[in-house]
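This report describes selected features of one protein chain in a predicted model.

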Amino acid sequence: MSLTPPSPISPMGMSSGSPFFAEKRRGGGILGRLSACLPFLENRHGRFIRIMAIASVILFLGSIWSFSRRTDSDLNLEEPYIDSPATDAPSLTNPPNSPPPPPKEKTEFDSEYHPDNTPFPPPEGADDAVLVIKTGSQVVWQRLPVHLVTTTTLTPNYLVFSDLTERIGNVVIHDCLKDVKPNLREAHKQFQIYRDARKVKPFPGFTEKELAIPSSRPFNVEISKMDLKGGWDLDKYKNVPILYQSYRAFPDKKWYIFIDADSFLFVGNTLRYLNANYDPTKPYYIGSQTLLGEELFAHGGTGYALSGAAAKLAVVDHPELEHAFEEYAINHCCGDHVLSRVLDKVGVGLSYERGRMQGEPWYGIRWDDNTWCSKILTFHHVSQGDVQELWEFERHMEKTLKEKKRNDGYILYSDLYHRFARPFLTSLEPQWDNLSNDKWLERPGYPTGFSMEKPPIEADLPKIQDEEQRKKWTNYLKFSEVEKAAIDDRGKCEEACQKSGSCLQWKWTAGKCVLNNSIIFGQRDTNPEGEKKAWWSGWNLERIESVRKSMSCETDLDGSFPAEEKRKKDNRQGAGDEEEDN
């Protein structure tokens, strides 16, 4: 009898003489063929390793087949960051805003957590205007991004300039100083910050256009935290080249509107106002006036506008002026002032629009007889949160005013009052500075020979040697008894406002009482010395309502005023405090 040797046992406990392995040895099917190609797997590990290896080979071949069928458009290897004409020169223009996704059915979750994000159409005339935003390399990441998802969604033509080329998403921030004379740019001390910022080794991009516009944000380095000095000195060189570069990027537009990145522009209001009150075919330079010595110019942070005719007059007819004032800027403070010298050379003077173009944030403006029914175009010194709130307010008001056919479509100071101030005013608010500033009630320091027990009287005024002290005591002695008492007593400060026929609000801290004849909302007082040194503020609510109702633009608006207890409750809830329902 012949004996057959025992079959080797696989790791899974299956004999290699089993029908499964016999089938592979006979070369049956694709598994058998692949196994034949992998003879090194015929070892003691057996079936499991062979199966895994065969599966890996199949997946690898499938990946190659799938990749070979993809087109260039599928791969999208070179999505541009900027629209570029058929020329080798880089374009300054930004890509259009991405189209919105198709609408989907709203759910309860959407309505609660995702407010209406329907793109708001650009206002009439937006295609004929250019918005230009100026910023700096040390603040660009803190100030600009919010504008790219708010303000610029209403302006199809916009540019952003800084002192360093950067990318945020698919938007390019352009270096407006790259063509400044080399003797300044490469050597002058006022350009030291410009040179220092370029010592940061940038990341390379991926596409050809990205490689041409490298990011300035390397590993673990924020330029804003590099403690670079001299940003203000550098800023004064920007305004003139920004004008020239903006016009060349968008020639022959009707309006060129310039703001800083810490400003807010009511786009619809501004375009309506410019087109209704100025002819863009004539040279106009429009802004809020400020003075440097005897020289008048538009304040840059407040925002200013140039008609197409004015921009063309400077850029096309006088290209030599682009660099003519660079040496002049060395010994002068401000870029907006330097720009005004260029415009003065071409015969374009300032058209004054103070009040409509504001140098304050919304909480620092005055509501009074002069402003209440006025149109508002810009704010300055705004935070990122302010930009968001104002943009949402603008979207709402544009729609509301159009539907109700009110104010000829303009947003007014009164609209701001109803949205941002009126619901929150109270007769007394602790740790709050409402920025009252009209009449200061405080006791001057005592001159030599006088004291609290023996203060100067009117007959003593000639004895006070120091002229400034004499003026202060002359003014103090004119105060009424209530006003003198208000200096040391908060209740008397409120009484002093009530007894003054024109006072609408007051603020008090120990030793000072300040009365104001207009409404200012103000801000939280975060005095480092604590609550005892902080301001207390109050508003004369009845008198304010009387003033409001007398304004022509308030005729069709709700005449009721929220009860003070309700306003205080809303304020507390808005600050995050919880209250039980009564």
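## Disulfides

Cys333 and Cys334 are joined by a disulfide, with an S to S distance of 1.9 Å. The link of Cys333 and Cys334 is left-handed, with -80° about the S-S bond. Cys333 is partly exposed because its relative accessible area is 32%, whereas Cys334, at 12% relative accessibility, counts as buried.

The structure holds four disulfides. With bonded cysteines counted along the chain, their pattern is 1-2, 3-8, 4-7, 5-6. Another disulfide joins Cys373 to Cys553, with an S to S distance of 2.1 Å; the link of Cys373 and Cys553 is left-handed, at -85° about the S-S bond. This pair links distant parts of the chain, 180 residues apart: Cys373 is in the loop between strand E11 (350-352) and E12, and Cys553 is in the loop between helix H22 (541-549) and helix H23 (564-574). Cys373 counts as partly exposed, at 27% relative accessibility, while Cys553 is buried, with a relative accessible area of 12%.

A disulfide also joins Cys493 to Cys513 (S to S 2.0 Å). The link of Cys493 and Cys513 is right-handed, with 85° about the S-S bond. Cys493 lies in helix H21 (residues 490-499) and Cys513 in strand E16 (residues 512-516), 20 residues apart, and the pair links distant parts of the chain. Cys493 is buried, with a relative accessible area of 0%, and Cys513 counts as buried at 0% relative accessibility.

## Nonpolar cores

The largest nonpolar core has 63 residues, and those with the most contacts inside it are Phe266, Trp367, Phe379, Leu416 and Ile519. Helix H17 (residues 384-404) gives the most to this core, with six residues. Apart from it lies another core, of 44 residues, among them Leu177, Tyr244, Tyr304 and Phe325.

Not counting residues up to four places away in sequence, Phe379 touches a set of residues including Phe264, Phe266, Trp362, Ile365, Leu390 and Leu416. The residues touched by Phe379 also include Ser263, Gln358 and Glu360.

## The second largest pocket

The second largest pocket has a volume of about 540 Å³ and is lined by 29 residues. Of these, Lys134, Arg143, Trp232, Asp235 and Asp260 lie nearest the centre of the pocket. Helix H11 (231-235), strand E8 (289-292) and helix H16 (335-345) are the elements that give two or more residues to the lining. The largest share, four residues, comes from H11. By residue type, the lining divides into nine nonpolar, 12 polar and eight charged residues.

## Loop residues

His381 is found in the loop between strand E12 (378-380) and H17, and is partly exposed, with a relative accessible area of 46%. Leu435 is found in the loop between strand E13 (432-433) and strand E14 (439-442); at a relative accessible area of 26%, Leu435 is partly exposed.

Val316 is found in the loop between helix H14 (308-315) and helix H15 (326-330). Val316 is partly exposed, with a relative accessible area of 44%. Leaving aside neighbours within four places in sequence, Val316 is in contact with Tyr247 and Ala311. Val316 and Tyr247 are 69 residues apart along the chain, and their C-alpha atoms are separated by 9.0 Å.

Definitions and conventions:
Residues are numbered from 1 along each chain as its sequence is written. This is a predicted model: local features need pLDDT of at least 70, side-chain atom pairs count only at pLDDT 80 or more; totals for chains, interfaces and linings use all residues. Side-chain values use heavy atoms; hydrogens and water are left out. On a 1 Å grid over the protein atoms alone, a cavity is a set of points where a 1.4 Å probe fits but cannot get out, and a pocket is an open set with protein on both sides within 12 Å along at least five of seven lines; lining residues have an atom within 4 Å of a point. Grid points are joined across faces, edges and corners, and a volume is the space filled by probe spheres set on the points. Ala, Val, Leu, Ile, Met, Phe, Trp, Tyr, Cys and Pro count as nonpolar, Asp, Glu, Lys and Arg as charged, and the others, Gly among them, as polar. Buried means under 20% relative accessible area, exposed over 50%, partly exposed in between (1.4 Å probe, protein chains only). Contact means heavy atoms within 4.5 Å. A nonpolar core is a set of buried Ala, Val, Leu, Ile, Met, Phe, Trp, Tyr and Cys residues joined through side-chain atoms within 4.5 Å. A disulfide is a pair of cysteine sulfur atoms within 2.5 Å.
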